[in-house]
Amino acid sequence: MGLKQNLHNFKEKNKDKKWLPGFNALFTFLYMPNETTHNGTHIKAADDLKRTMNTVIMALVPCLIFGMFNAGYQHYLALGEIESANGFLGASFWTIDNLMIGVWKVLPLVIVSYGVGLAVEFVFAIIKGHEVEEGYLVTGMLVPLIVPVDIPLWMLAVAVIFGVVIGKEVFGGTGMNILNPALTIRAFLFFAYPTWMSGDKVWVHGAVERDQAIAAGQNLDAISGETLLGAYAQNSSLAGIDYWDMFWGIIPGSVGETSKFLIIIGALFLIFTKIGSWRIMLSTIIGALVMGLIFNGVVDAGWIGDTSKFYGLMSVPFWQHLIIGSILFGAVYMATDPVTASQTNKGKWIYGFLIGFISIMIRVFNPAYPEGVFLAILLMNVFAPTIDHYVVQGNVKRRMKRLKVKAA
Amino acid sequence: MGLLSKKDTKLITDPLADNNPITIQVLGICSALAITAELEASIVMSISVLFVMGVGNVVISLMRNIIPSKIRIIAQLIVVATLVIIVDLVLKAFAYELSKTLSVFVGLIITNCIIMGRFEAFALGNGPWRSFLDGIGNALGYAVILIIVGFFRELLGSGTLLGIPVLGDPIEKTGLYSIGYENNGFMLLSPMALIVVGIIIWVQRSRNKALIED
């Protein structure tokens, strides 16, 4: 008798126990259950929700691993202990030292995110007496990738509890939520603890500590922990950073969002496996480019002088908006969340376009929010059902008209 | 309670929990969101509303037979506006700083739906004593929620209660702050007040299933 049969027998024996949903969650994580649907129509397909989630996680793993190396690389680079890597395969990037910083700083984020989030899910499943839902698998992976590396763990834990309960469970759990839970968690952190989520210190490990040491009277050089967006927003020059660095991702930023190269690979993987919607990804990018072009046009027409506080970000060539900041990460992994996005194909185009459009608008116009992607996606999450409604109604109207013409 | 008959007692106790104006009838939300960032402001607001509702309900009840029903809203507005102006002037005279914190929201008591709601639904059809009890009861129900929300928002948002630091000093890093705790800035923003009220509604309805409507 194999392990699967043993587990199945164990499950049969404990059918009435309250904690059974907890066991089931782990059981189906390993195996397909033996039961099949008994009645009614059902679709036969190899991928259930858990397989779908796993596919997304596979697409995210390269970003996470890269993020670990990058955390260490940015740390040592800021300290001046290593040379700049000069490209994706640079000798000073893929080193054990860099990885150790990543393991030390990033893995705890992953553990806290999964530990706390799954604990909340299990508690709710047991109270409500339903099966544990798989929705948190992807959220738990996304959360560590979209926070600064130095965020205190307890803050992350508080935010995860808030995000899972208020963002998801109050609406009825996975599949019923209006807002993307991972972004709800980020929004909570952003508004609750702004000093840890924005500014020019938090994006490189060690910069905050160094700052405190200087404040305490030690004679050290300050480390800059600023993102490129922050630098642009303050109209400062960007000497020493070339576009390939931005594309490969060896720049400061949230843990997993910097490498555009790996995000594009992940996107292709998601599109190939038909998990992510290429319509949303493409339309988000188009939206961002259009907004960037409009701003470039404003600068070219001379409507805004270089003394304006918006000049720095407005004059960024439109295509560069895609490689600074997290618009690509948002487009590929956040906007495409099947629960909170628009469901209709036409709706997906509108939804994605507006996300890109509004992201760049917030990025340029609001210096307090140097990255507007998460706000834009949350906003459009709220509007997604409305978009769908009008798309469906439009379709109904068109077909009614056709019916009338035929009848007449 | 010898003073009050059973029916009269219900007028006061009902709005405290099972017929709470904020969590059950969902009235008066605007002020609950706007002024609850500090506990002191919520308490003063509660007292102001308590005064306006208690007196206002009695006045309307006394006049209920002489107010023509076509212009009753205007008559109610005049009564409530008069009372609110009294409250406003008293606050300006004796608690100027606080009246600045409450700013426009004292004036907006006039438009507080709970007050107009009780005038319409109760004072116009009942005697002065019962109207008084009803006004006090509803104002207390409002106060309970305001104070709960104000308590959590001030404690978690600023680390103080009634302006007194209870969790330590965030700048000197004493008390809780010495182990890395930080104030939750989100608590000071109005959206969080809505979420706190929502959580209260959630807790209340899961304890008393009869309150859940489809």
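Helices here are DSSP runs of H or I of at least four residues, and strands are runs of E of at least two, numbered from the N terminus. The legends below describe a predicted model.

**Figure 1. Chain B, secondary structure and extent.** Chain B holds 9 helices and 2 strands. Along the sequence these elements follow the order α-α-α-α-α-α-α-α-β-β-α. The C-alpha atoms of chain B occupy a box of roughly 65 × 45 × 35 Å along the principal axes. Of the 214 residues in chain B, 34% are buried. When contacts in chain B between residues at least 6 apart in sequence are considered, 75% of them link residues at least 24 apart.

**Figure 2. The contact of chain B with chain A.** Chain B contributes 8 residues to this contact, and chain A contributes 8 residues. On the chain B side, the residues comprise 4 nonpolar, 3 polar and 1 charged.

**Figure 3. Domain 1 of chain A against domain 2 of chain A.** Chain A is split into domain 1, covering 17-33 + 47-275, and domain 2, covering 277-396. A distance of 21 Å separates the C-alpha centres of the two domains. The contact between them involves 31 residues of domain 1 and 27 residues of domain 2. On the domain 1 side, at least two residues each come from α7 (181-192), α10 (228-233), α11 (243-248) and α12 (260-272) of chain A. Among the contributors to this side, α12(A) gives the most, with 6 residues. The side of domain 1 that touches domain 2 has 18 nonpolar, 10 polar and 3 charged residues.

**Figure 4. Helices α6 and α7 of chain A.** Helix α6(A) spans residues 153-167, and its axis comes within 8 Å of the axis of α7(A), with a crossing angle of roughly 130 degrees. At that angle α6(A) is oblique to α7(A), because an angle over 145 degrees would be needed for roughly antiparallel and one of 65 to 115 for roughly perpendicular. The crossing of α6(A) past α7(A) is right-handed. From α6(A), the residues in the contact are M155(A), A159(A), V160(A), F162(A), G163(A), V164(A), I166(A) and G167(A). They meet P181(A), T184(A), I185(A), F188(A) and L189(A) of α7(A). By class, this contact has 10 nonpolar and 3 polar residues, and no charged ones. Helix α7(A) also supplies at least two residues of the side of domain 1 that touches domain 2 in chain A.

**Figure 5. Helices α13 and α16 of chain A.** Helix α13(A) covers residues 278-300 and helix α16(A) covers residues 345-365. Their axes approach within 7 Å and cross at roughly 40 degrees. The two helices are therefore oblique to each other, since roughly parallel requires an angle under 35 degrees. The crossing of α13(A) and α16(A) is right-handed. In the contact of α13(A) with α16(A) there are 16 nonpolar, 8 polar and 2 charged residues.

**Figure 6. Helix α15 of chain A.** The buried residues are I327(A), L328(A), F329(A), G330(A), A331(A), V332(A), Y333(A) and M334(A).

Notes. Residues are numbered from 1 along each chain as its sequence is written. Chains are lettered from A and ligands numbered from 1 in the order in which they are written. This is a predicted model: local features need pLDDT of at least 70, side-chain atom pairs count only at pLDDT 80 or more; totals for chains, interfaces and linings use all residues. Domain bounds come from an automatic or database domain assignment. Two residues are in contact if their C-beta atoms, placed from the backbone, lie within 7 Å. Ala, Val, Leu, Ile, Met, Phe, Trp, Tyr, Cys and Pro count as nonpolar, Asp, Glu, Lys and Arg as charged, and the others, Gly among them, as polar. Axes are lines fitted to C-alpha atoms, for helices over the stretch in contact, and angles run from 0 to 180 degrees between N-to-C directions. A crossing is left-handed if the near helix is turned anticlockwise from the far one by less than a right angle, and right-handed if clockwise. A residue is buried if 20 or more other C-beta atoms lie within 10 Å of its own, exposed if 12 or fewer, and partly exposed in between; C-beta atoms are placed from the backbone.
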